[in-house]
Amino acid sequence: MNPKNILITGSGSGLGRAMAIRLAEEGYNIILNGRTESKLIETEKMLKKFHIDVLIKTGDVSDSNFVSSMISEIVTEKKELHAVINNAGIGGKGTSILDISEEDMQKLMDINFKGAWLVSKYAGKVMITQRNLKPLRGKIINVSSIAGLDPMPGIGIYSCSKAALIMLTKVLAKELAPSITVNAICPGYHVTPIYNNDPTLIQNFWNAINMKPLLRRVGTAEDVNGIISFLVSDDSNYMTGQIISICGGVVLH
Ligand SMILES: NC(=O)c1ccc[n+]([C@@H]2O[C@H](COP(=O)([O-])OP(=O)(O)OC[C@H]3O[C@@H](n4cnc5c(N)ncnc54)[C@H](OP(=O)(O)O)[C@@H]3O)[C@@H](O)[C@H]2O)c1
């Protein structure tokens, strides 16, 4: 069993829920977060069979009061916070960069970028003091997107929010070294509620923007689990500031 405590934001569905199930199976204690309590309770039920500790923290990652309280409560209840996965996010609505409203732009940046920054800020302040944890005092993993690497027409501000998250990863990696590692993953097209769980919608989208995976299939939520398992484990201890695509080969580095 692995008694490390891992916070996964946006773990009431999709990739975050898949990560929670995988990491619970590996014996980590999981802290679930999202805005909808019923979805978190559903995830919690799925983790029951793994006999690990589960905490639910319901709230909005773009709200600094909530994030600051959530991190304090985690430390009070669990003593240590070993890793944070900044996975909470919302998708673009398929609007041109000229037509997207100011309100929609702000919401995308607030949740996808500011939310990850706030969680990293408050979690980072706690992790840096965890001197008893060796060799690292904590790990931060950001869930960006291939849309943060290559511009995606129709979801342009989503692309900008995910590109900002990539730069946040690099800045945090530099500022928090050598105590805390910070890496990001860039998923491609995975069947989750962000795409209405509809593989055809995804295929139409990649055809429309001419960005298809070399592996010629839509991803599952579970397709990101291997890299997440590696990034929270000690096997990735000599890795920081890295941006890893897990996208079936939509983008090539
Ligand atoms: N699916 C893909 O193909 C794909 C590709 C690239 C990147 N991603 C990224 O992967 C992450 C997970 O997405 P997904 O595909 O798994 O979609 P999803 O099922 O919609 O998951 C997103 C989760 O984030 C939560 N969330 C949204 N806003 C939040 C907020 N302000 N505070 C806290 N939680 C919030 C949502 O729950 P509530 O609404 O209940 O809060 C939801 O459970 C996102 O960051 C997304 O951009 C996904």
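These legends describe close-up views of one predicted model. Local features need pLDDT of at least 70, side-chain atom pairs count only at pLDDT 80 or more, and totals for chains, interfaces and linings use all residues. Residues are numbered from 1 along each chain as its sequence is written.

View 1. Helices (H or I, at least four residues) and strands (E, at least two) are DSSP runs, numbered from the N terminus. From the N terminus on, the order of elements is β-α-β-α-β-α-β-α-β-α-β-α-α-β. The C-alpha atoms fill a box of roughly 50 × 40 × 35 Å along the principal axes. Of the 253 residues, 45% count as buried. A residue is buried if 20 or more other C-beta atoms lie within 10 Å of its own, exposed if 12 or fewer, and partly exposed in between; C-beta atoms are placed from the backbone. Among contacts with a separation of 6 or more, 73% join residues 24 or more positions apart. Two residues are in contact if their C-beta atoms, placed from the backbone, lie within 7 Å.

**View 2. Helix α1 (residues 14–25) against helix α2 (residues 37–47).** Two packed helices are described by the angle between their axes and the distance between the axes. Here the axes come within 10 Å and cross at roughly 25°. That makes α1 roughly parallel to α2. Angles under 35 degrees count as roughly parallel, over 145 as roughly antiparallel, 65 to 115 as roughly perpendicular and the rest as oblique. Axes are lines fitted to C-alpha atoms, for helices over the stretch in contact, and angles run from 0 to 180 degrees between N-to-C directions. α1 passes α2 in a right-handed crossing. A crossing is right-handed if the near helix is turned clockwise from the far one by less than a right angle, and left-handed if anticlockwise. From α1 come R17, A20, I21 and A24; they meet T43, M46 and L47 of α2. By class, this contact has five nonpolar, one polar and one charged residues. Ala, Val, Leu, Ile, Met, Phe, Trp, Tyr, Cys and Pro count as nonpolar, Asp, Glu, Lys and Arg as charged, and the others, Gly among them, as polar.

**View 3. Helix α3 (residues 64–78) against helix α4 (residues 102–127).** The two pack at an angle of about 30°, with their axes 9 Å apart. The crossing of α3 past α4 is right-handed. On α3 the contact residues are S64, V67, S68, I71 and V75. Their partners on α4 are L118, V119, Y122, A123 and V126. The contact of α3 with α4 divides into eight nonpolar, two polar and no charged residues.

**View 4. I71 within helix α3.** I71 counts as buried, with 24 C-beta neighbours inside 10 Å. Leaving aside neighbours within four places in sequence, I71 is in contact with Y122, A123 and V126. Y28 is 43 residues away along the chain, and its C-alpha atom is 18 Å from that of I71.

**View 5. Helix α4 against helix α5 (residues 156–176).** Their axes come within 8 Å and cross at roughly 15°. α4 and α5 are therefore roughly parallel to each other. α4 passes α5 in a right-handed crossing. The α4 side includes M105, L108, F113 and W117. The α5 side includes I157, Y158, L165 and L172. The residues of this contact divide into 13 nonpolar, four polar and one charged.

**View 6. N5 in strand β1 (residues 5–8).** N5 has 21 C-beta neighbours inside 10 Å and counts as buried. Not counting residues up to four places away in sequence, N5 touches N29, I31, K78, E80, L81 and H82. N5 and R17 are twelve residues apart in sequence and 16 Å apart in space, C-alpha to C-alpha.

**View 7. I243 in strand β7 (residues 243–246).** I243 counts as partly exposed, with 18 C-beta neighbours inside 10 Å. Not counting residues up to four places away in sequence, I243 touches S144, I166, T169, A184 and C186. V182 lies 61 residues from I243 along the chain, with 9.5 Å between their C-alpha atoms.
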